[in-house]
Amino acid sequence: MSAGGQKRMTLFLLAVGAAVFLAAALSVLYGSMEITFGQVVNAVIRPDAADQRHIVVRELRIPRTLGCILAGAAFSAAGSLMQGVTRNPLADSGLLGINAGASFALALCLAFLPGLGFTGVVIFSFLGASVSMLAVYGLMSMRHRKLEPVRLVLAGSAVSIFLSALSQAVSIFFQIGYDLTFWTAGGAAGIRSRQLLLAGPVIVSGLVAAVLLSGRVSMLSLGEDAAKGLGLEVERSRFLCLLTVLLLAGGAVALTGPVAFVGLLVPHVVRFFTGADYRAVIPCSMAAGAFFMLTADIISRTINAPAETPIGLIFSLIGVPFFIWIARKEDKGFD
């Protein structure tokens, strides 16, 4: 990475890091119950089990804030990896069927294993996401082995539509529509400490792996022939990247549901400031994704208070026009 690129990345991370800290503070302070900054500090340093405000801070607001940070960073890192590996500006975990696969697995859990604990739901979500991604690449490679952007999007769309239809059929037949809709709409209201302890290590492992793979992703983004010319083991690197995407997307979906467009939108915003080197794009996307998720969560609490608006709806209002704009730009080349 050039000195200029390193400087841009450092400045971006410092600016967005400060924004994440401010948004996290607002997320912990804001809610239906008025809690001062001093009370928040006391709840963290000297918790009182009899103080209701301390319970709200420790059991509800802090886990929710940390969950938004982890999920936003995970969705954005997964999107960055997919866009770099496939050289496709329209790629993210949702468009490749991962979210739909996890949703279908959840529908099966609600229908056939209603008493299954959260750990089992996480495992089934990962299995559903894995099967969905395998199906996408299976469809794409029926005639061609190369990761062609248009074929990848078409295969991902086909698998997503098919699995979404199956999920709806299961929800109607077993009358679990409300529970399934509540989860697929996306939101952070249900995040608790136990969920963070289960999904957090998976996401953190994926984030570390994404940073370690960022140099390989930069080479893969140049094209398969160029990557081989630079001495990269293309198939091995691609497999590691896809495995990392599964860790990131599976963990994030388990926490907040399949929030769409985060992984599509954030990397494009980041590349505008840092350039196309994925050694800068991936870590900066993590920070920016955390900020966007926190901001969307705060908006979800305020736009229709005291009720909460699904985070997925907020991102969709921004993401759909952005998706159309990127699709129109694709024939002019990948940024």
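Q: What makes a residue buried, partly exposed or exposed?
A: Buried means a relative accessible area under 20%, exposed means over 50%, and partly exposed lies in between (1.4 Å probe, protein chains only). This is a predicted model, so local features need pLDDT of at least 70 and side-chain atom pairs pLDDT 80 or more, while totals for chains, interfaces and linings use all residues. Residues are numbered from 1 along each chain as its sequence is written, and side-chain values use heavy atoms, without hydrogens or water.

Q: Why is Glu224 called partly exposed?
A: Its relative accessibility is 28%. That value falls between the 20% and 50% limits, so Glu224 counts as partly exposed.

Q: What makes the contact between the side chains of Glu224 and Arg238 a salt bridge?
A: A salt bridge needs a side-chain nitrogen of Lys or Arg within 4 Å of a carboxyl oxygen of Asp or Glu. Here the N to O distance is 3.6 Å. That is within the limit, so the pair is a salt bridge. Glu224 sits in helix α10 (residues 224-229) and Arg238 in helix α11, 14 residues apart, so the pair links distant parts of the chain. Helices (H or I) are DSSP runs of at least four residues, numbered from the N terminus.

Q: Is Arg238 buried or exposed, and how do you know?
A: Its relative accessibility is 10%. This is under 20%, so Arg238 is buried. Its partner in the salt bridge is Glu224, which is partly exposed.

Q: How do you know that Glu308 and Arg64 form a salt bridge?
A: Their side chains meet at 2.8 Å, N to O. The limit is 4 Å, so the pair qualifies.

Q: Why do Glu308 and Arg64 get their accessibility labels?
A: Glu308 has a relative accessible area of 38%, so it is partly exposed. Arg64 has 9%, so it is buried.

Q: What makes Asp297 and Arg301 a salt bridge, and where are they?
A: Their closest N and O atoms are 2.9 Å apart. That is within 4 Å, so the pair is a salt bridge. Asp297 and Arg301 are 4 residues apart in helix α13, which means about one helical turn separates them. Both residues are buried. Salt bridges that share partners join Arg64, Asp297, Arg301 and Glu308 into one network.

Q: How many salt bridges does the whole structure hold?
A: A search of the whole structure finds 7. In general, side chains of opposite charge can pair when their charged atoms come close.

Q: Why is Ser27 called buried, and what does it touch?
A: Ser27 is in helix α1 (residues 3-29). Its relative accessibility is 0%, so it is buried. Contact means heavy atoms within 4.5 Å. Not counting residues up to four places away in sequence, Ser27 touches Arg61, Thr65, Leu294, Asp297, Ile298 and Arg301. Two of these, Asp297 and Arg301, form a salt bridge with each other.

Q: What makes Ser285 a buried residue?
A: Ser285 has a relative accessible area of 0%, so it is buried. It lies in helix α13 (residues 278-302). Leaving aside neighbours within four places in sequence, Ser285 is in contact with Ser76, Ser80, Val266, Pro267 and Val270.

Q: Why is Thr184 called partly exposed?
A: Its relative accessible area is 29%, so it falls in the middle class. Thr184 is in helix α7 (residues 177-184). Not counting residues up to four places away, it touches Ser103 and Pro258. Its C-alpha atom is 18 Å from that of Val131, a residue 53 places apart along the chain.

Q: How do you know that Leu113 is partly exposed?
A: Its relative accessibility is 37%, so it lies between 20% and 50%. Leu113 is in the loop between α4 (98-112) and α5.

Q: What makes the phi of Gln175 worth noting?
A: Most residues other than glycine have a negative phi. Phi of Gln175 is near 55 degrees, a positive value in a residue other than glycine. Gln175 lies in the loop between α6 (149-173) and α7. Its relative accessibility is 72%, so Gln175 is exposed.

Technical notes: Helix = DSSP H or I, 4+ residues; strand = E, 2+ residues; numbered from the N terminus.
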